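Q: Hi! Could you walk me through how some of the helices pack in this one?

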Amino acid sequence: MIWTAFSTEHLSGTERFDYWEAMVFQAHFRTTMASDHLDDFLASSQALHLGDIQTFAQSYPPMHARRTPAMIRQSDPELCQLWLTVRGEVGLSQSGRHVDICEGDLVLYDSSRPCQAQTAAHDHPDVSSLIVQIPRARLPLHSNTLDRLTLTRIQGQTGIGALFRHHLTDLMNYAPQYEECDAPRLADVTLDLLSTMLAQAARTENLLPPETQQTVLRTRINAFIQQHLTDPDLTPAAIAAAHQISVRYLHRLYQGQATTIADGIRRSRLQHIHRDLADPRLNARSISSIAARWGYPEPTSFSRAFKTLYGTTPRDHRHQTQHPGA
């Protein structure tokens with residue numbers, strides 16, 4: 001099983017905090033913790049295990065954490081952690097640097113150096129974070145570059161930071177649905193996006209392997225397609241122009257993928273229409289208007305494409321999903 005979850009909810013009193021501290025030691029590395037909520041430490045953690053890369057979604061009351069030189073000498077797994085603050089604020093100190101990470105921003109730190117962390121919930125009952133944990137050796141960046149990036153705040157609202165933030169959020173939102181066979185591919189995409197984000201922060205993107213650069217470009221293109229599905233003029237030529245590449249190179253990027261780029265656009269549009277036709281809240285809207293909204297203004301070609309993919313007509317699908325007993 002590649003997804004696990006646990007909570008302190010079934011415990012009471014100080015058992016909750018002791019259980020959380022033991023979990024952190026087992027899942028990450030040794031730290032000492034303190035909190036003003038020892039008597040009622042309600043916390044939860046979900047973990048997605050992708051080989052030697054793990055991702056976590058955690059929520060917990062405000063607390064302090066410290067990793068000392070003695071702990072590092074005792075055991076150091078040589079891991080890097082990338083933290084995304086979802087709710088609250090995290091303050092980190094390491095190697096003479098300090099940074100405060102607010103909601104939506106990211107920061108990198110490693111297990112091989114002493115570190116102190118303090119979290120604040122502000123107007124919320126708890127702090128929420130998404131974490132990527134990865135062996136330092138897996139990151140295709142020079143050691144000096146990683147040292148420079150430690151405790152550098154990375155904005156998660158724009159550019160590759162936003163792309164990685166959305167990837168990590170979706171990854172954990174759908175974590176219970178993944179199977180063992182999905183792990184290698186998910187790990188590769190996560191590593192490529194993480195490496196590119198860090199390389200961009202260090203201004204060394206051109207030093208990444210070509211395969212990594214291509215994976216990230218495909219991810220950017222896929223996100224662009226999802227954002228513009230409703231545009232009937234969304235074509236390979238328009239996509240290539242938006243990303244300043246040739247149509248020929250665009251098609252080459254998708255060689256060896258499950259579908260061509262045109263097939264991917266068509267399938268995504270039909271999936272949205274398929275979902276909308278099953279939504280009773282949209283009954284007042286005609287089938288043709290729903291199809292047109294998702295980039296299919298011509299009813300005949302839409303009906304043909306829908307039946308080819310789903311084996312039924314749009315009208316029959318709408319009737320069957322909303323009147324299952326008929």
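This is a predicted model: local features need pLDDT of at least 70, side-chain atom pairs count only at pLDDT 80 or more; totals for chains, interfaces and linings use all residues.

Q: Great. How many helices and strands are there in the protein?
A: The protein has 12 helices and 11 strands. Its C-alpha trace spans about 70 × 50 × 35 Å along the principal axes.

Q: And what share of the residues is buried?
A: Of the 326 residues, 47% are buried. As for contacts between residues at least 6 apart in sequence, 69% of them join residues at least 24 apart.

Q: On to the helices. At what angle do α6 and α9 cross?
A: Roughly 40°, with the axes of α6 (residues 210-227) and α9 (residues 261-277) coming within 11 Å. The two helices are therefore oblique to each other.

Q: Is that crossing left-handed or right-handed?
A: Right-handed. On the α6 side the contact is made by I221, I225 and Q226, and on the α9 side by I261, I265, S268 and H272. Sorted by class, that gives four nonpolar and three polar residues, with no charged ones.

Q: Which residues of α6 are buried?
A: They are T212, T215, V216, L217, R218, T219, I221, F224 and I225. I221 and I225 also take part in the contact with α9.

Q: What covers them?
A: The cover includes α4 (159-173), α5 (183-201), α7 (236-242), α8 (247-253) and α9.

Q: How far does α6 reach from end to end?
A: Its 18 residues reach 26 Å from the first C-alpha to the last, close to the 26 Å expected at 1.5 Å a residue.

Q: What about burial in α9?
A: The buried residues are I261, I265, S268, R269, L270, H272, I273, D276 and L277. They pack against α6, α7, α8, α10 (287-293), α11 and α12 (314-322).

Q: Last one: how far apart are the end C-alpha atoms of α9?
A: They are 25 Å apart, which agrees with the 24 Å that 17 residues should span at 1.5 Å a residue.

Key
Residues are numbered from 1 along each chain as its sequence is written. Side-chain values use heavy atoms; hydrogens and water are left out. Axes are lines fitted to C-alpha atoms, for helices over the stretch in contact, and angles run from 0 to 180 degrees between N-to-C directions. Helices (H or I, at least four residues) and strands (E, at least two) are DSSP runs, numbered from the N terminus. Angles under 35 degrees count as roughly parallel, over 145 as roughly antiparallel, 65 to 115 as roughly perpendicular and the rest as oblique. A crossing is left-handed if the near helix is turned anticlockwise from the far one by less than a right angle, and right-handed if clockwise. Contact means heavy atoms within 4.5 Å. Ala, Val, Leu, Ile, Met, Phe, Trp, Tyr, Cys and Pro count as nonpolar, Asp, Glu, Lys and Arg as charged, and the others, Gly among them, as polar. The expected span of a helix is 1.5 Å times one less than its number of residues. Buried means under 20% relative accessible area, exposed over 50%, partly exposed in between (1.4 Å probe, protein chains only).
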